[in-house]
Amino acid sequence: MRSSRLSLTFGYIMLALITVLFIGPFLWLIRSSLMDLSQIFTMPPEWIPRPVRWDNFSRAMTVLPFGTYFVNTLVITAAVMVGTVLSSSVAAFGFSRVEWQGRNIVFAILMSAMMLPGAVTLIPSFLGWQALGFYDTFYPLIVPAYFGGGIFNIFLLRQFYLTIPRDFDEAAFVDGASYFRIYRSIIFPLSRSAIIVVALFCFLASWNDFMGPLIYLKSENLFTLALGLQMFQGTYTAQWDLLMAASAVVVLPCVVVFLVGQKYFLEGITLTGLKG
Amino acid sequence: MRKSLFYGLLFTAPAILGFVIFTLGPMIASLVLSFTDYSVFKDHTSFIGLDNYIRMFSGADDYFYPSLGATFYFVVLRVPAVIILSFLIALLLNMNVKGRAFFRTVVYLPSIVPAVASAMIWMWLLNPDLGLVNTMLQAVGLPGSLWLYGESSVVPAVVLTSLWGIGGTVIIFLAGLSGIPRQYYEAIDVDGGGWFSKLRHITIPLVSPTIFFNAIMTLIGSIQVFNEAYILTQGGPNNKSLFYVFYLWRTGFRDTEMGYASALAWVLFLIILFFTFFVFRTSKSWVYYEGEGRS
């Protein structure tokens, strides 16, 4: 859209304001995580930590076993990512590159699950895992990723696969390639960027998941960062220096992953939004 | 392309199995459970017909209507706020400004912050005595607020914290906006219309499918608000933020009344189904799809 100088100036002012509002909480987080408890509460508020209390981080990390939580979260997230990428890309292949009777009906039925609130399946799923003896283990958080990896991801990859020319498959067939071969050597490598999108979204969803670990994990040594942080808050209510340091540790990996994979994130959202 | 039912099913088998095991099965099971008085502490479970549903709607449950009310209030405040604000921000980002990529990153970044961490940050910012927000309000002579601790301010405060994460919605709008051909706007320039008539006659109709998509997704997400209630407020003060899914969780997992909680879950399912259907029905009159015209 072409814009006049006046509206451009207005635009910059508004964007500056938005930047302050959206970045402000991050600055408040960093500032509080590096401050003395006494300086935190000064009025009017100060923004520059003096002295810089790096030890807030080491203290926050030792009052609760955040190292263990970090490893737990990493294990769950990595396992979920592998499962999601494998099973959603295989399923998307079956729903786009293989022609079979009833394909679209089955896909539509699976899609309908997207509208279903998670709360409806929550209690029976919990009872099922408990009956199998997997309550208080990582399995309930990981295993579902290996069965489809979420219809949303299948949908996203299928959209992408449909843009790859059919001739590739036909040529491979003529050369005697099997479906598995086509999936492994043609479709999967060609959809690298879409796979990365799925992997990144999956990372965030799993890293940030709160309700899953809350329901399935009981032993503190199995806790994830999100659960640990929540428990921390219950114990150290007014210790804003430690709370903010612990929060910063939980936020940092997400920010890093986002900044590194930024291009893919924005592409991915655009892809899903436009086709939705 | 050759047909192969065998390979088709082989590739999709994990997903189909997953659907049956983790969605369809539990759905049916929760419907069955909703007609029982199942609870971990009871030795004996029996079918009690519609009793759970009667308990809900007859008012015998002191929390059901308050939780519906709190959720409804949250949805009514949040959905329009998210849609309007993210649309406006997307309009700004779609202008011919320098540093668009930077501003886009700024707007999207908060939406990737884990809910628990975001809750911690906002609890501290909105702290009534020492938080930054009240301090700043008082500095310019405005009264502070109890925010998460006030009965009348808790739901708006939760909405406020959730608005920090609207980046995803903004990006989707931005994608919709950038798909509008330039010529359309030039046509209005020729006719002598201003920015408002561009917005009214071109931008809004052409992004209406995106508005529709965002509205549905925000609606479904807002009805299921849980983390905020659990972490920020525990449903308080005085049950004013007792959001539905939080209440469901409390009933099923803290009070272990899983039969009754399953009934709550099914009512939630029907509510979401109803609203989604309702929005779909109304969409015919305001969503414009290119090539179809307005139907």
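Some housekeeping comes before the tour. Residues count from 1 along each chain as its sequence is written, while chains are lettered from A and ligands numbered from 1 in the order in which they are written. The model is predicted, and local features need pLDDT of at least 70, side-chain atom pairs count only at pLDDT 80 or more, and totals for chains, interfaces and linings use all residues.

How confident is the predictor about chain A? On pLDDT (the predictor's confidence in each residue, from 0 to 100), chain A has a mean of 89, and 96% of its residues reach 70 or more. Within that chain, α14(A) has the lowest confidence, at a mean of 82, and helix α7 (residues 139-142) has the highest, at 97. Helices here are DSSP runs of H or I with at least four residues, numbered from the N terminus.

Now for the place where the chains meet. Contact between two residues requires C-beta atoms, placed from the backbone, within 7 Å.

The crossing of α4(A) and α11(A) is right-handed, meaning that the near helix is turned clockwise from the far one by less than a right angle. Residues of α4(A) in this contact include Ile76(A), Val80(A) and Ser88(A), and among those of α11(A) are Val198(A), Cys202(A) and Phe203(A). The residues of this contact divide into ten nonpolar, six polar and no charged.

Next comes the core. A residue is buried if 20 or more other C-beta atoms lie within 10 Å of its own, exposed if 12 or fewer, and partly exposed in between, with C-beta atoms placed from the backbone. A nonpolar core is then a set of buried Ala, Val, Leu, Ile, Met, Phe, Trp, Tyr and Cys residues joined through C-beta atoms within 7 Å. The largest such core has 154 residues, and Ala246(A), Val116(B), Phe243(B), Leu248(B) and Ala265(B) touch the most other members. Helix α14 (residues 240-275) of chain A supplies the largest share of this core, 14 residues.

Leaving aside neighbours within four places in sequence, Ala246(A) is in contact with Ala60(A), Phe66(A), Leu229(A) and Phe232(A). The C-alpha atom of Ala246(A) is also 9.4 Å from that of Ser58(A), although the two residues are 188 apart along the chain. Ser58(A) lies in helix α3 (residues 55-63) of chain A and is exposed, because it has 10 other C-beta atoms within 10 Å.

Leu248(B) leads us to helix α12 (residues 244-254) of chain B. Why is this helix largely enclosed by the rest of the structure? Eight of its eleven residues are buried, including Tyr244(B), Leu248(B) and Trp249(B). The buried residues of α12(B) pack against α6 (118-131) of chain A, plus α3 (64-93), α11 (227-233) and α13 (258-286) of chain B. After α12(B) comes Thr256(B), with a positive phi near 50 degrees.

Most residues other than glycine have a negative phi, and most peptide bonds are trans. Arg50(A) and Pro51(A) are joined by a cis peptide bond, with omega about -5 degrees, and Pro51(A) sits in the loop between α2 (37-40) and α3 of chain A. The bond from Gly236(B) to Pro237(B) is cis too, with omega near -10 degrees. Pro237(B) belongs to the loop between α11 and α12 of chain B, and Asn239(B) is found in the loop between α11 and α12 of chain B. Asn239(B) has a positive phi of about 60 degrees although it is not a glycine, and it is partly exposed, with 17 other C-beta atoms within 10 Å.

Key: Helix = DSSP H or I, 4+ residues; strand = E, 2+ residues; numbered from the N terminus. Nonpolar A, V, L, I, M, F, W, Y, C, P; charged D, E, K, R; others polar.
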